[in-house]
Amino acid sequence: MVPKVVFGRGAFNQISSIISPERNGVAPFIYLVDDVFEKNTSFIEDRILLFYTDKIIYISTTEEPKTSQVDQIVTAIKNDYQYTPSGIIGIGGGSILDLSKAVAIMLANPGSAADYQGWDLVKNKAVFHVGVPTISGTGAEVSRTTVLTGPERKLGINSDFTPFDQVILDPELIKDVPKNQWFYTGMDCYIHCIESLDGTYLNAFSQSYGEKALELCKEIFLETSLTKAEADEKLMMASWHGGMSIAYSQVGVAHAMSYGLAYVLGTKHGIGNCIVFDKLEKYYPEGVALFKKMKELHNIDLPKGVCANVTEEQLDVMTKVALSLEPLWENALGRDWKSKIDEDKLKTIYRAL
């Protein structure tokens with residue numbers, strides 16, 4: 001679990017004092033920041049106090065984070081600095097938070113990030129790392145995974161060393177998220193809840209967080225009485241609770257299939273989950289019905305014909321990536337999941353997207 005968290009409007013202004021006890025001599029803090037803020041320096045950059053050789057690196061999130069991207073950043077940091085950084089601070093959405101967790105891990109472990117895709121493969125404690133979400137829903141700020149697209153598949157580095165050492169939750173940072181992105185990322189949280197609460201891995205710990213996150217999602221996306229500020233605060237906490245629920249259970253069909261979609265077509269995680277989940281009435285009838293209601297209420301039009309032009313070879317890769325995520329299928333369908341789903345059934349769903 002994340003050992004330290006600060007919540008509140010304006011909490012980001014305290015970042016320097018929060019991380020200063022972790023500074024190791026002149027070893028730098030490296031800030032990995034979503035490049036959406038590069039031109040709006042007053043929002044993020046101007047509020048960061050840089051000392052010694054501290055550095056801000058702006059990262060594009062046009063594509064999902066890749067193991068090769070992690071390796072490049074780690075190599076650049078090692079080449080530029082004599083000392084291992086005092087810490088890695090990720091400021092952005094799920095992509096930046098996952099990237100930051102992975103960089104912190106790889107600064108302390110040999111080889112490529114691709115070597116650690118899977119469960120409990122990391123041997124050495126990661127460099128001190130801090131997460132500052134600027135969009136809410138993914139649960140990346142609290143999860144024990146960092147989801148990366150590697151040379152063979154899209155899969156997380158799932159380990160006890162992955163979670164952040166410190167998280168700063170400042171609802172002011174998510175106030176200007178574009179509506180479509182707000183919905184897609186918020187639905188990531190909602191889908192987490194449905195998959196977790198319907199899964200065979202469910203336990204009382206996970207259930208308590210999942211139920212609270214689901215309650216918050218319904219309040220945020222179905223009620224019209226909340227102010228924008230109230231909705232932002234609640235979404236930030238829904239994301240946290242949804243991520244905690246998954247940390248002690250697992251996701252399911254939508255996430256497995258969206259991983260395949262992302263690996264082949266580069267579809268981003270939030271919208272990918274929505275595109276897939278919209279077609280999963282067979283597996284989550286109540287959850288999908290409520291999703292469609294939320295989609296209609298907020299006038300969200302999902303892309304159609306996403307897989308209209310995919311080749312048979314691409315479909316093969318999609319299904320292979322999706323079916324390789326065995327814990328997700330076991331959670332969704334039980335231990336005998338292989339008798340309930342196969343490549344042909346998956347391809348039928350993919351073709352309908």
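**View 1. Aromatic pairs, with Phe277 and Phe291 as the example.** This predicted model holds 11 aromatic pairs. One of them joins phenylalanine 277 and phenylalanine 291, whose ring centres are 5.6 Å apart. The two ring planes stand at 90°, so the pair is edge-to-face. Phenylalanine 277 belongs to helix 8 (residues 269-277), and phenylalanine 291 to helix 9. The two residues are 14 residues apart, and the pair links distant parts of the chain.

**View 2. Helix 4 against helix 9.** Helix 4 spans residues 179-197 and helix 9 spans residues 285-297. They pack at an angle of about 165°, and their axes are 11 Å apart. With angles over 145 degrees counted as roughly antiparallel, helix 4 and helix 9 are therefore roughly antiparallel to each other. The crossing of helix 4 with helix 9 is right-handed. On the helix 4 side, the contact uses Phe183, Met187, Tyr190 and Ile194. Helix 9 brings Glu286, Gly287, Leu290, Phe291, Met294 and Lys295. What is the make-up of the contact of helix 4 with helix 9, in nonpolar, polar and charged residues? Seven are nonpolar, one is polar and two are charged.

**View 3. Helix 4 against helix 6.** Helix 6 covers residues 228-247. Helix 4 and helix 6 pack at about 35°, with 9 Å between their axes. Their crossing is left-handed. Helix 4 contributes Trp182, Gly186, Cys189, His192 and Ser196. Helix 6 answers with Leu235, Ala238, Ser239, Gly242, Ser245 and Ile246. The contact of helix 4 with helix 6 holds five nonpolar and six polar residues, and no charged ones.

**View 4. Helix 4 against helix 5.** Helix 5 runs over residues 204-222. The axes of helix 4 and helix 5 come within 9 Å and cross at roughly 145°. This crossing, too, is left-handed. From helix 4, the contact residues include Trp182, Phe183, Gly186, Met187 and Cys189. Also from helix 4 come Tyr190, Cys193, Ile194, Ser196 and Leu197. Among those from helix 5 are Ser206, Gln207, Gly210, Glu211 and Ala213. Leu214, Cys217, Ile220 and Phe221 of helix 5 also take part. The contact of helix 4 with helix 5 divides into 13 nonpolar, five polar and one charged.

View 5

View 6. Strand 2 (residues 29-34) pairs with strand 4 (residues 87-92) in the parallel sense, over five bridges. Leucine 32 has glycine 90 of strand 4 as its bridge partner.

View 7. Three strands make an open sheet in the order 5-8-7, with mixed pairing. Strand 5 (118-119) and strand 7 (147-149) stand at the edges. Each has a single partner strand, so one side of each lacks a neighbour in the sheet. Strand 5 and strand 8 (residues 154-158) run parallel, joined by two bridges. Glycine 118 has isoleucine 157 in strand 8 as its bridge partner.

Definitions and conventions
Residues are numbered from 1 along each chain as its sequence is written. This is a predicted model: local features need pLDDT of at least 70, side-chain atom pairs count only at pLDDT 80 or more; totals for chains, interfaces and linings use all residues. Side-chain values use heavy atoms; hydrogens and water are left out. Two strands pair if DSSP finds at least two bridges between them. Helices (H or I, at least four residues) and strands (E, at least two) are DSSP runs, numbered from the N terminus. Axes are lines fitted to C-alpha atoms, for helices over the stretch in contact, and angles run from 0 to 180 degrees between N-to-C directions. Angles under 35 degrees count as roughly parallel, over 145 as roughly antiparallel, 65 to 115 as roughly perpendicular and the rest as oblique. A crossing is left-handed if the near helix is turned anticlockwise from the far one by less than a right angle, and right-handed if clockwise. Contact means heavy atoms within 4.5 Å. Ala, Val, Leu, Ile, Met, Phe, Trp, Tyr, Cys and Pro count as nonpolar, Asp, Glu, Lys and Arg as charged, and the others, Gly among them, as polar. Rings of Phe, Tyr and Trp (its six-membered ring) pair if their centres lie within 6.5 Å; planes under 30 degrees apart count as stacked, over 60 as edge-to-face and the rest as tilted.
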